[in-house]
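Subject: Handover of a structure, with notes

Hello,

I am passing the structure below to you. Please keep it open while you read the notes that come after it.

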Amino acid sequence: MGLEISRALGSHLYTRGGKRYLDFISGLCVANIGHTHPAVAKAVIRQVQDYLHVMVYGEYIQAPQVRLAAKLAGILPESLSVVYFTNSGTEANEGALKLAKKFTGRPRLISFEGSFHGDSHGSCSVTGRSIYRKPFQPLLPGVTFLPFDRIAPLSRITSSVAAVIIEPIQGEGGIRIASKGFLRQLRRRCSEVGALLIFDEVQSGFGRTGKLFAFEHFGVVPDVLTLAKAMGGGLPLGAFISRPDIMKTLSEDPPLSHVTTFGGNPVSCAAALATLGVILEENLADRAARIGALIQNRLKRVQRREGAIKAVRGRGLMIGLEFFDPVTSRRFVKSAFDRGLIVGWTLHSQTVVRIAPPLTLTDEELKEGMDTLETSIKRIGSGPGLG
Ligand code: PMP
């Protein structure tokens with residue numbers, strides 16, 4: 001849409017031309033605490049004055065990394081206690097997949113249709129939509145895709161499988177929520193055959209779904225958790241996290257089996273510590289649950305009145321608004337944009353529009369956003385769409 005951004009603050013983007021937009025996509029689930037949060041800016045400035053990069057990750061003790069890893073381990077289940085920092089979500093998934101292959105000594109990987117795990121060769125290999133894999137063949141061998149949220153096909157997970165990677169709530173797949181029964185059965189099956197269960201919470205993590213991490217909705221703890229996006233509060237940072245006995249495999253035979261220069265950059269880690277502080281102190285996961293329910297209820301009321309909406313679903317502030325066809329969903333996005341509200345598509349589902357505002361959205365912004373969503377839905381028919 002060609003916006004030239006001059007400033008981003010809280011829930012708003014400001015353009016050079018002087019227009020203000022309410023951001024209901026959060027830089028794609030990054031700005032969970034809003035844009036350019038003062039606590040993050042302060043932490044970054046302080047760290048920039050001390051040191052930037054000093055050495056390949058893991059060689060020296062750098063306080064922002066150590067403190068952040070300890071803080072993450074403190075809020076996660078006991079088994080998820082060893083953190084490896086990366087620069088992005090795709091690298092977090094790369095690390096998790098390599099970890100599983102090396103730990104189990106097995107060749108196969110299982111993923112799910114409709115998933116998105118990133119765009120490096122490894123994470124693209126387990127991304128569940130063939131048009132995004134096809135141009136880059138050959139990718140990793142031995143990857144099998146199972147239908148999302150169906151229990152019977154889980155029997156195809158056997159003892160030759162190193163890992164099963166899944167988003168408990170698919171983002172790019174169109175905000176599809178796995179059922180509790182399915183995820184519990186998946187957990188059971190992975191434990192039975194000794195395959196590692198990787199939860200990709202790059203998009204759903206850090207309070208977005210109304211819990212600090214989406215796995216908490218399901219009572220299922222993965223063997224490996226991958227994170228990124230909102231983690232750095234606007235700076236690039238990701239992580240894969242697992243048990244000590246599993247993570248140890250990357251430090252031996254050969255030593256330094258998986259290294260990164262910039263992963264866990266101290267400035268990003270300082271920003272992440274400040275971000276996590278805000279999320280926890282302001283109880284933003286609860287806020288996401290509360291205002292997410294308000295948005296969903298409002299949209300469901302609109303759905304009953306307007307014929308254009310097929311479904312409304314989501315958890316917390318990870319909401320999908322599904323239309324009957326892609327032309328209507330594009331018209332809706334354009335209609336909202338023309339009224340100063342930014343919402344976005346999902347990569348694998350052209351009929352689903354994602355609604356994911358910052359968790360810090362004020363009550364006034366919430367009202368303004370919901371009013372604009374409703375008006376934009378009502379006006380869909382009259383706009384030309386984006387073609
Ligand atoms: N996993 C999921 C679930 C994602 O939504 C994304 C990004 N949309 C990624 C991985 C890739 O993350 P990144 O862009 O930071 O590499």
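First, the basis. This is a predicted model, in which local features need pLDDT of at least 70 and side-chain atom pairs count only at pLDDT 80 or more, while totals for chains, interfaces and linings use all residues. Residues are numbered from 1 along each chain as its sequence is written, and side-chain values use heavy atoms, with hydrogens and water left out.

Salt bridges

The structure holds 17 salt bridges (a side-chain nitrogen of Lys or Arg within 4 Å of a carboxyl oxygen of Asp or Glu). One of them joins the side chains of Glu368 and Arg20, at 3.4 Å from N to O. This pair links distant parts of the chain: Glu368 sits in helix H12 (residues 363-378) and Arg20 in strand E3 (residues 20-23), 348 residues apart. Helices and strands here are DSSP runs numbered from the N terminus (helices: H or I, at least four residues; strands: E, at least two). Glu368 counts as partly exposed because its relative accessibility is 32%, and Arg20 is also partly exposed, with a relative accessible area of 41%. The cut-offs are under 20% relative accessible area for buried, over 50% for exposed, and in between for partly exposed (1.4 Å probe, protein chains only). The areas themselves come from the Shrake-Rupley method with a 1.4 Å probe, and for residues only the protein chains shown count as cover.

Arg189 and Glu192 also form a salt bridge, at 3.0 Å from N to O. They are 3 residues apart in helix H7, so about one helical turn separates them. Glu192 counts as exposed because its relative accessibility is 54%.

A further salt bridge, at 3.1 Å from N to O, is made by the side chains of Lys248 and Glu252. Lys248 is partly exposed at 47% relative accessibility, and Glu252 is partly exposed at 36%.

Salt bridges also link Arg298, Arg305, Lys367, Asp371, Glu374 and Lys378 in a network.

Positive patch

Which residues gather in a patch of positive charge on the surface? They are Lys180, Arg184, Arg188, Lys211 and Arg315. A patch is made of residues with over 30% relative accessible area and no salt bridge; like charges are joined within 9 Å, and nonpolar side chains (Val, Leu, Ile, Met, Phe, Trp, Tyr) within 5 Å. Lys and Arg count as positive and Asp and Glu as negative, with His and the chain ends not counted. The place of a charge is taken as NZ of Lys, CZ of Arg, CG of Asp or CD of Glu.

Helix H7 (residues 180-193) supplies the largest share of the patch, 3 residues. Arg315 has its place in strand E13 (residues 309-315). Arg315 counts as partly exposed, because its relative accessibility is 31%.

Backbone geometry

Most residues other than glycine have a negative phi, and most peptide bonds are trans. The entries below are worth checking against that background.

- The peptide bond from Gln137 to Pro138 is cis, with omega near 0°. Pro138 is in the loop between helix H6 (130-133) and strand E6 (143-146).
- The peptide bond from Asp253 to Pro254 is cis, with omega near -5°. Pro254 is in the loop between helix H8 (244-247) and helix H9 (266-281).
- Cys29, a residue other than glycine, has a positive phi, near 65°. Cys29 lies in helix H1 (residues 26-29) and is buried, with a relative accessible area of 1%.
- Thr36, a residue other than glycine, has a positive phi, near 50°. Thr36 lies in the loop between H1 and helix H2 (38-50) and is partly exposed, with a relative accessible area of 47%.

Cysteines

How many disulfides does a search of the whole structure find? The search finds 0 (a disulfide being a pair of cysteine sulfur atoms within 2.5 Å). Among the cysteines, Cys124 counts as buried at 4% relative accessibility, and Cys269 counts as buried at 0%.

Thr275 and Ala43 are 232 residues apart in sequence, and their C-alpha atoms are 9.4 Å apart in space. Thr275 is found in helix H9 and is buried, with a relative accessible area of 2%.

Regards
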